[in-house]
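Here's a quick briefing to read alongside the model.

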Amino acid sequence: MDILGELRQRFRTALAGITAEPEPLLEMIRPAAEPKFGDYQANFAMSLAKQLGRPPREVAADIAARTPLDDLCQQVEVAGPGFINLRLRDDRLTGTLAAVLSDPFLGVPRPATPRTYVIDFSSPNVAKPMHVGHIRSTVIGDALCRLLRFRGDHVVSDNHLGDWGTQFGMIIYGYKHFLRPDAYAAQPVAELSRLYRLVHSLLGYHELLAELPVLEKAAADRAAAATRLAEQPSSSDKAEAKKQAAAAQKAARQAEEALKTLAEAREKRAKVVADPAQVALAVEHAAIGQAVLEEVVRLHAGDAENLGLWREFMPHCLREIHAIYERLGVAFDEELGESFYHNQLSDVVADLESRGLTRESDGAVCVFLEGFDAPMIVRKRDGAFLYATTDLATIRYRIERWKPDAILYVVDHRQAEHFDKLFAAARLWGYGGAALHHIAFGTVLGKDGKPYKTRSGDTVGLESLIDEGVRKALAVVEENDNRKPDGAEFTADQRAEIAETVGIAALKYADLSQNRTSDYEFSYEKMLALDGNTAAYMQYSYARVRGIFRKAGIDRGALLAGIAGPDASGAHVRSPIVCGQSAERALALALARFPEAIAESLADYRPNQLTVYLYDLTRKFSTFFEACPVLRAESDELRQSRLLLCELTGRVVEKGLELLGIRVVDKM
């Protein structure tokens, strides 16, 4: 039922007799850019002609003649410099849809050999609330899990929690020195978050004091260098004079950047100094940096008090995180945080050393990797381990336990160098059997083009982001419900339920509809719009389909009960779907392309390809709905056909949104 897959298979046979590598050429068979060129185009003749030293049109005509297409295409045309335009037979298109009607996978083929994937995503630090930066990893990772499982692969979703290390040293120090017992008893996570922020700000104050003299000296040195180069006499040699001018410009830019960095540091200091209580606290805890590190060391060494506090804090932190995941409809097979791997780190380093893969550098144990300027440090001079050590232990554990074909890390693009090194080190270590992929993504931006923050400059909490989205969705639901010609339809509880579904869907879809490697501007107004490529538009299209059946009192099960599928030979019986009008055919073709959308989304792990497909499908459905009367069709046969097209549209939209982690509502 995968039409594009079948076309490629037909051409594969013809190409195999001409070239040793047909696969790259088969990727050039794509849906046609415009209907006037047919339904699909094969654009490989130009590339192949260069290899063969023959005219492209001649190559295209030869391959088209070699490929058996009569039972699949009603028109095969060689056009332009060598394009092969393909228009499907209508009976083949409608027969495909008849088979899809009884297929729970909507035409998506099952893999002959399912693959096993481990997907590492979300992975917040549990010591502080989740924020807007976690939305992308969480929804992209969840969508990839859903898509791969739907295709038929085995998926292990793993939330690699930041539940160990320095952040807990900070909280433990804060708990011992600044705790408000009543606040902790009432709202433990809020109080732990306050302690984390307080200790973080005190550490920042002392770091800033130490940094300012360094920045002042750097700015003075840069300024002096820029002045010196600007005042030096220009050489009489033109080439040398050009080099002098370029060096002077570079020095001027560096001086300007150093002054800007210094100004920002001074501005931060001014804000801190403006709070006398904060300064007094910082002075009182002058050795806080070393003290926090000592708390971390005691925790890692199994100190009874610190380990007891960690065990006390963890359930509170996890409860809050899980409440957010529950609202988002996200679940994990594994939640093995950094603490799980802590006792394995010494063995990781020892094993690397025994294989001769490490060298000592300034007292630290390092893995030197070809192609990288700096080594990967796996144990610091003071004996402490790093994230890289934990990540190597994690790879070993996952490969030995799950034996995956691939491990995907859904982490923002700023970690690209870390993962490049990590994967190179894992392969050097002998754990290169699984494909390792960094699924990088961009940043959520505000209207100012900077990372999205509150007006006060704080990072936006994920829970508040969800609450605000639901609140704004409720306002839209109430406004639309109140404007209905026959009066409001929903109760307050129904409105609240719809708003929760629509608001969360809007947040997810706004993220997933972006190319994951791009930054995007966050806007509640855009994401809640009832037109355009938004979740609300998709959900409205689904509700519109369900409204057709509800209005006519049609039982969907009864409609489908008499639909016959393929016979024993695999040939389709006469389809109950017809597509005599162009809007019907366009919708039918879009529905048949659902398997292509799934394949496209997984080709480079980009869920936005599915949103592109869903938007195109719902627009074609809107055109069909306006042009082709459904309940008032000219004949019973046509009415049934159009009802079946509506039914399939609803099912595909519902399934497509489900694969993005988005729920639908029957009424809006």
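A residue counts as buried here when its relative accessible area is under 20%. Keep in mind that this is a predicted model. With that said, here's the tour, starting with the cysteines.

**Cysteines**
- How many disulfides turn up in a search of the whole structure? The search comes back with zero.
- Take Cys628: the closest cysteine sulfur is the one in Cys646, 9.6 Å away, and that's too far for a bond. A disulfide would need the two sulfur atoms within 2.5 Å.
- Looked at from the other end, the sulfur of Cys646 has Cys628 as its closest cysteine, again at 9.6 Å and too far for a bond.
- Is Cys628 buried or exposed? Its relative accessibility is 0%, so Cys628 counts as buried.
- Cys646 is buried too, with a relative accessible area of 0%.

**Nonpolar cores**
- The largest nonpolar core has 155 residues, and Phe11, Ile119, Phe594 and Leu610 have the most contacts inside it.
- Once you set aside neighbours within four places in sequence, Ile119 touches a list of residues including Leu144, Cys145, Leu148, Val155, Val156, Leu408 and Val410.

**Helix α17**
- Helix α17 covers residues 416-429, and its end C-alpha atoms sit 20 Å apart. That agrees with the 20 Å its 14 residues should span at 1.5 Å a residue.
- Its buried residues are Phe419, Lys421, Leu422, Phe423, Ala424, Ala425, Ala426 and Trp429.
- What covers them? The cover includes α15 (345-354), β9 (376-379), α16 (387-402), β10 (406-410) and β11 (435-439).
- Just after α17, Gly430 takes a positive phi of about 105 degrees.

**The β7-β8-β9 sheet**
- Three strands make up an open sheet in the order β7-β8-β9, with antiparallel pairing.
- Which strands stand at the edges, and why is one side of each left without a neighbour? They are β7 (359-361) and β9, and each has a single partner strand, so one side stays without a neighbour in the sheet.
- On average, neighbouring strands of this sheet are turned by 50 degrees against each other, direction ignored.
- β7 pairs with β8 (residues 364-367) over three bridges, in the antiparallel sense. One to look up is Ser361, whose bridge partner in β8 is Ala364.
- Helix α15 lies across β8 and β9, running at about 120 degrees to β9.

Note on methods: Residues numbered from 1 in each chain as written. Predicted model: local features only at pLDDT ≥ 70, side-chain atom pairs only at ≥ 80, totals over all residues. Heavy atoms only, no water. Buried < 20%, exposed > 50% of the residue type's maximum accessible area, 1.4 Å probe, protein only. Helix = DSSP H or I, 4+ residues; strand = E, 2+ residues; numbered from the N terminus. Expected span 1.5 Å × (residues − 1). Contact = heavy atoms within 4.5 Å. Core = buried A, V, L, I, M, F, W, Y, C linked by side-chain atoms within 4.5 Å. Pairing = 2+ DSSP bridges. Axes fitted to C-alpha atoms, helices over the stretch in contact; angles between N-to-C directions.
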